[in-house]
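Here are my notes on this one, as numbered points. Have the viewer open while you go through them.

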Amino acid sequence: MKIIGIGNALVDLLTKIENDQILNDLNLPKGSMQLVDGGRMNELLEATKHLKRTLASGGSAANTIHGLSRLGIETGFIGKIGPDELGKAFSADMIDAGIKPILYSSQNATGTALALISKDSERTFAVHLGAAIELGANDISLGTYNGFQMLHIEGYLVQNHSLIETAVKLAKEAGLTISLDLASYNVVESNREFLKRIISHYVDIVFANEEEAKAFTGKSPEESLSILASITKIAVVKIGSKGSLIQSGKDVYKVGIIKSKPIDTTGAGDLYASGFLYGLSNKLPLNVCGEIGALLAGRVIEVMGPKLNESAWKDIKAIIDNALKNKTPITNSIC
């Protein structure tokens with residue numbers, strides 16, 4: 001199965017902070033994701049320039065597609081970048097990972113996400129979407145999906161109703177399975193009715209964390225899972241250190257986590273989706289799909305940023321192959 005993603009093409013600027021006072025000083029609520037304009041982003045970059053910073057291509061769907069490519073799935077990514085060094089870096093990183101980039105060009109700067117990472121691994125984001133926000137319905141055509149069998153959408157795009165509606169309608173016309181990661185509870189709250197319609201009419205697989213699920217349904221994770229599963233084929237609700245819940249029809253699975261030493265939770269949900277969709281593309285049982293997702297999520301929180309090195313991917317593939325060969329669980333799964 002070949003999988004294409006669509007999302008905000010962002011370059012992550014990962015910055016460790018010594019204490020949370022700087023968040024108060026910059027008026028950034030801990031754990032939040034705030035959209036900022038270019039001027040505000042420049043202020044934040046200036047205020048944090050004394051801190052060590054690393055750069056990586058990012059954006060929720062891009063992270064998921066990157067993980068899928070590293071697992072050996074043929075992938076593509078649709079996004080929009082600017083005519084600058086960050087745009088070149090984003091494109092080069094896609095190609096280096098074996099991803100087919102479908103990147104449209106804008107005159108605006110490439111989008112950036114400043115991630116301030118607290119000592120307890122909590123992330124606080126300030127995001128300047130820049131060129132990324134200009135991706136529109138006119139950039140998508142039936143031919144965009146040629147050769148692909150699945151479309152993965154990041155929830156941050158849901159605020160652009162015409163883009164999402166066009167993307168899912170054309171994907172269904174092309175015969176693709178559609179996966180949606182809700183991505184942000186505040187985006188869910190602002191677009192609840194639109195999401196309900198899109199999910200019930202077009203989406204086959206929905207990923208949500210506990211907060212996003214509650215924003216969508218107002219219910220507990222278990223109740224939210226049931227509600228989501230009633231309007232889509234496969235529903236996944238991630239519940240942090242308690243693992244994840246998966247439901248398809250009346251079949252419900254609870255999947256655990258792997259032991260890890262977290263230093264940065266950036267990309268955990270995105271890489272969970274990579275593992276889950278990898279399992280699904282290989283026609284593995286849903287609990288095994290969840291276990292592979294948990295493995296990737298557990299590994300990525302042990303490093304700075306949403307990317308794992310070649311050695312880590314080699315180790316992950318060996319664990320998956322061994323578990324499948326010996327029919328042993330990667331985590332504790334309860335049907």
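**Notes on the model**

1. Starting with E85: this residue is exposed, at a relative accessible area of 58% (the cut-offs are over 50% for exposed, under 20% for buried and partly exposed in between, with a 1.4 Å probe and protein chains only). E85 sits in helix α4 (helices are DSSP runs of H or I with at least four residues, strands are E runs of at least two, and both are numbered from the N terminus).

2. Some ground rules. This is a predicted model, where local features need pLDDT of at least 70, side-chain atom pairs count only at pLDDT 80 or more, and totals for chains, interfaces and linings use all residues. Numbering runs from 1 along each chain as its sequence is written, and side-chain values use heavy atoms, with hydrogens and water left out.

3. Overall picture: the chain has twelve helices and 15 strands. Its radius of gyration is 19 Å, close to the 20 Å from the globule rule for 335 residues, so the chain is as compact as a globular protein of that length (C-alpha atoms are used, and the rule is 2.2 Å times the number of residues to the power 0.38). The C-alpha trace spans about 50 × 45 × 40 Å along its principal axes, and 57% of the 335 residues count as buried. Of the contacts between residues at least 6 apart in sequence, 75% join residues at least 24 apart (contact means heavy atoms within 4.5 Å).

4. Now the open sheet. Its five strands run in the order β3-β8-β7-β2-β4, with mixed pairing (two strands pair if DSSP finds at least two bridges between them). β3 (33-35) and β4 (53-58) are the edge strands with a single partner each, so one side of each has no neighbour in the sheet. From one strand to the next, the twist averages 20°. β3 pairs with β8 (residues 123-128) in the parallel sense over three bridges, and the bridge partner of L35 in β8 is V127.

5. Helix α4 (residues 85-96) lies across β2 (10-16), β4 and β7 (111-117), at about 60° to β4 (axes are lines fitted to C-alpha atoms, for helices over the stretch in contact, and angles run from 0 to 180 degrees between N-to-C directions).

6. What is S57 in β4 doing? S57 lies in that strand and counts as buried, at 5% relative accessibility. Its side chain makes a polar contact of 2.3 Å with that of D93 (a pair of N or O atoms within 3.5 Å; within protein, one must be able to donate a hydrogen and the other to accept it, and residues adjacent in sequence count only if both atoms are side-chain atoms). Beyond four places in sequence, the contacts of S57 include F90, N63, P306 and K307.

7. On packing, the largest nonpolar core has 63 residues, and I246, F276, L277 and L280 touch the most other members (a core is a set of buried Ala, Val, Leu, Ile, Met, Phe, Trp, Tyr and Cys residues joined through side-chain atoms within 4.5 Å). Helix α11 (residues 286-300) supplies the largest share of this core, nine residues. Another core, of 42 residues, lies apart from it, and Y145 and I153 are among its members.

8. Q247 has V252 as its bridge partner in β14. Two residues separate the strands, and G249 takes a positive phi near 60°.
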